[in-house]
Amino acid sequence: MNPYHKLYTPQDTAVVFIDHQPQMTFGVASIDRATLINNVTLLAKAAKEFNVPAILTSVETESFSGYVWPQLLDVFPGQAVIERTSMNSWDDPAFRAAIEATGKKNILMTGLWTEVCVTWPTIELLGAGYNIYVVEDCCGATSPAAQEAALSRMVQAGAVRLTTIPALLEWQRDWARREHYNSLMALLKQQAAAYGVGVEYAYTMVHHAPQSAAKPQIVPKKASH
């Protein structure tokens with residue numbers, strides 16, 4: 001059976017965050033960088049909510065790239081970040097050991113830059129028998145052309161492209177599953193852009209739930225005549 005002919009679950013996936021660091025971010029020209037940061041932190045928070053193992057790795061932190069974004073570190077406080085010198089994470093024994101330690105065969109890949117630090121380990125992970133899902137709006141390249149060429153190369157090698165919202169909704173799958181429902185809705189309302197605004201609208205205007213704001217908007221009542 002083709003491994004991509006069934007949906008993944010929180011129990012059989014891990015997510016990888018590669019080199020979300022300042023110097024790498026400066027070079028991103030394929031996606032709005034504020035959107036990129038928002039997407040990455042949303043996916044990270046969802047992974048934590050669903051107990052999906054996350055691997056964080058960085059390259060040449062104190063000599064070139066700078067520290068991993070605080071927005072990402074704060075999702076996994078105290079978790080070790082695998083420090084590398086190689087542009088290809090798969091070349092690093094600690095990274096390979098971390099992947100193997102998850103025991104998962106479905107790997108969601110994110111990182112900077114798409115054309116090097118995401119593409120190279122993706123190709124080698126595919127060769128090692130893993131199923132790779134590249135969350136492309138959690139990745140950034142040095143140009144739109146570089147992003148598209150990298151995604152094309154990974155797909156040709158056997159990877160699957162997807163984006164942040166469907167990536168995390170595949171973990172939820174069924175709205176009747178209530179274990180993570182409220183927490184997921186809270187994440188979406190805060191960080192899922194237009195979708196999140198729609199969730200807030202449905203909650204408050206259709207279901208008459210309280211507003212999410214700490215101090216809700218109060219609409220003055222019109223004086224009766």
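This is a predicted model: local features need pLDDT of at least 70, side-chain atom pairs count only at pLDDT 80 or more; totals for chains, interfaces and linings use all residues.
Residues are numbered from 1 along each chain as its sequence is written, and side-chain values use heavy atoms, with hydrogens and water left out.

Let me begin with strand β4, residues 106-112, where strands (E, at least two residues) and helices (H or I, at least four) are DSSP runs numbered from the N terminus. Seven of the seven residues of β4 are buried, and buried here means under 20% relative accessible area, with exposed over 50% and partly exposed in between, using a 1.4 Å probe and protein chains only. In a regular strand the side chains alternate between the two faces of the sheet. In β4 both faces are covered, with Asn106, Leu108, Thr110 and Leu112 buried on one side and Ile107, Met109 and Gly111 buried on the other.

Which strands pair with β4? Strand β1, residues 13-18, runs parallel to β4 and is joined to it by six bridges, and strand β5, residues 131-140, is likewise parallel and joined to β4 by six bridges; two strands pair if DSSP finds at least two bridges between them. Val16 has Met109 as its bridge partner in β4, and Leu112 has Gly140 as its partner in β5. From β4 the chain crosses through helix α6, residues 114-127, to β5, in a right-handed β-α-β crossover, that is, with the strands pointing away from the viewer, the path from the first strand over the helix to the second runs clockwise.

Turning to helix α5, residues 93-102, we find Phe95, Ala98, Ile99 and Thr102 buried. Seen down the axis of α5, its buried residues fall within an arc of 100°, taken from the directions from the helix axis to the C-beta atoms, so they line one face of the helix. On the other side of α5, Pro93 and Ala101 are exposed. After α5 comes Gly103, whose phi is positive, near 70°.

Finally, how many disulfides are there? The count comes to zero, a disulfide being a pair of cysteine sulfur atoms within 2.5 Å. The sulfur of Cys138 has its closest cysteine sulfur in Cys139, 6.8 Å away, which is too far for a bond. Cys138 is buried at 0% relative accessibility, and Cys139 is also buried, at 0%.
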